[in-house]
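Keep the structure open while you read.

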Amino acid sequence: MIEWVQSDRPIPYPEAVAAMDARATQIAAGTSAEAVWLLEHPPIYTAGTSAKAEDLTDPNRFPVFMTNRGGQFTYHGPGQRVAYVMLDLSRRGKDIRAFVQALEAWVIQTLGTFNVVGEVRPSRVGVWVPRPELAPLSDGTPREDKIAAIGIRLRRWVSFHGISINVEPDLSHFDGIVPCGITGHGVTSLVDLGLPVTLADVDVALKQTFNQQPLLGDISGSIQAFGTN
């Protein structure tokens with residue numbers, strides 16, 4: 001049984017990490033159900049295990065948190081749907097690559113419900129949206145913008161951290177970092193693409209498409225408060 005939970009206010013990052021930590025420990029011990037936690041954060045930058053100091057270009061802009069998830073620098077803030085995924089991979093084949101691919105497919109199918117074509121690139125993490133209507137890069141490379149980030153950590157084969165989808169964040173907030181260490185391409189959101197989509201709309205799509213990913217499992221349970229609401 002997977003419990004879907006939701007917070008109705010931006011959750012400070014340390015609170016979220018502590019809650020995920022506790023839940024992952026309980027899942028590994030068999031004392032709590034697996035969970036997907038939908039939330040927002042106040043404006044912050046987080047640095048994954050591969051983050052480079054030079055990619056934090058404006059360190060005084062927002063609070064910066066070092067984190068033990070994979071990846072580099074990313075931004076979280078209001079208008080961005082974060083989905084923390086706490087699942088037991090020991091019951092799901094213990095295949096980390098397949099699990100990450102399932103998360104990517106989940107994001108892509110969610111975007112597809114809004115007629116947005118999301119794609120992955122072997123050389124770039126996250127989910128990208130082709131922007132043929134924009135001028136190409138200086139070397140002629142077609143422009144693509146990042147719309148979703150993925151970063152996970154495993155402990156005792158239980159996952160935590162997860163995905164984030166840009167619904168309607170302030171895109172200028174990404175200017176203080178090199179998102180995921182990638183230069184040249186930009187960042188976009190569903191609203192930036194001209195779609196009048198809300199966080200509630202994205203939540204519905206996330207739940208509808210989650211069950212279509214075999215490694216992610218069935219959805220069950222009602223939306224409720226998780227940790228601090």
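In α3, the buried residues are Leu199, Val202, Asp203, Ala205, Leu206, Thr209 and Phe210. They sit on the same side of α3, because the arc they cover around the axis is only 165°. In general, an α-helix has 3.6 residues a turn, so residues three or four places apart point the same way. Bear in mind that this is a predicted model.

The helix itself spans residues 199–210, which makes 12 residues, and it reaches 16 Å from its first C-alpha to its last, close to the expected 16 Å. What lies over its buried residues? The cover includes the strands β1 (2–6), β2 (34–39), β6 (80–86) and β10 (158–166), along with helix α2 (96–112).

## Salt bridges

Aspartate 203 forms a salt bridge with arginine 81, with 2.7 Å between the closest N and O atoms. The two come from distant parts of the chain, arginine 81 from strand β6 and aspartate 203 from helix α3, 122 residues apart. Are these two residues buried or exposed? Both arginine 81 and aspartate 203 are buried.

The whole structure has 13 salt bridges. Here are three of them, including the one just described:

| Salt bridge | N to O distance |
|---|---|
| Arginine 81 and aspartate 203 | 2.7 Å |
| Arginine 155 and aspartate 21 | 2.7 Å |
| Arginine 143 and aspartate 145 | 2.6 Å |

The bridge between aspartate 21 and arginine 155 also links distant parts of the chain: aspartate 21 is in helix α1 (residues 13–29) and arginine 155 is in strand β9, 134 residues apart. Aspartate 21 is partly exposed, at 29% relative accessible area, and arginine 155 is partly exposed too, at 27%.

In the remaining pair, aspartate 145 is buried at 1% relative accessibility, whereas arginine 143 is partly exposed at 24%. Through shared partners, salt bridges tie Arg131, Glu133, Arg143, Asp145 and Asp192 into one network.

Leaving aside residues up to four places away in sequence, threonine 188 touches Val129, Arg131, Asp145, Lys146, Ile147, Asn166, Leu171 and Leu193.

Most residues other than glycine have a negative phi. Tryptophan 157 has a positive phi, near 65°, and its place is the loop between β9 (144–155) and β10. Histidine 161 also has a positive phi, near 65°, but histidine 161 belongs to strand β10 itself.

## Stepping back

Now for the chain as a whole. It holds 3 helices and 11 strands, and from the N terminus they run β-α-β-β-β-β-β-α-β-β-β-β-β-α. The radius of gyration is 17 Å, close to the 17 Å that the globule rule gives for 229 residues, so the chain is as compact as a globular protein of that length. Its C-alpha atoms fill a box of roughly 55 × 35 × 30 Å along the principal axes.

Of the 229 residues, 48% count as buried. Among contacts between residues at least 6 apart in sequence, 67% join residues at least 24 apart. The chain exposes about 10,100 Å², with carbon and sulfur atoms supplying 53% of that.

How values were computed:
Residues numbered from 1 in each chain as written. Predicted model: local features only at pLDDT ≥ 70, side-chain atom pairs only at ≥ 80, totals over all residues. Heavy atoms only, no water. Helix = DSSP H or I, 4+ residues; strand = E, 2+ residues; numbered from the N terminus. Expected span 1.5 Å × (residues − 1). Buried < 20%, exposed > 50% of the residue type's maximum accessible area, 1.4 Å probe, protein only. Arc of directions from axis to C-beta. Contact = heavy atoms within 4.5 Å. Rg over C-alpha atoms; globule rule 2.2 N^0.38 Å. Areas by Shrake-Rupley, 256 points an atom, 1.4 Å probe, with all protein chains shown as cover. Salt bridge = Lys/Arg side-chain N within 4 Å of Asp/Glu carboxyl O.
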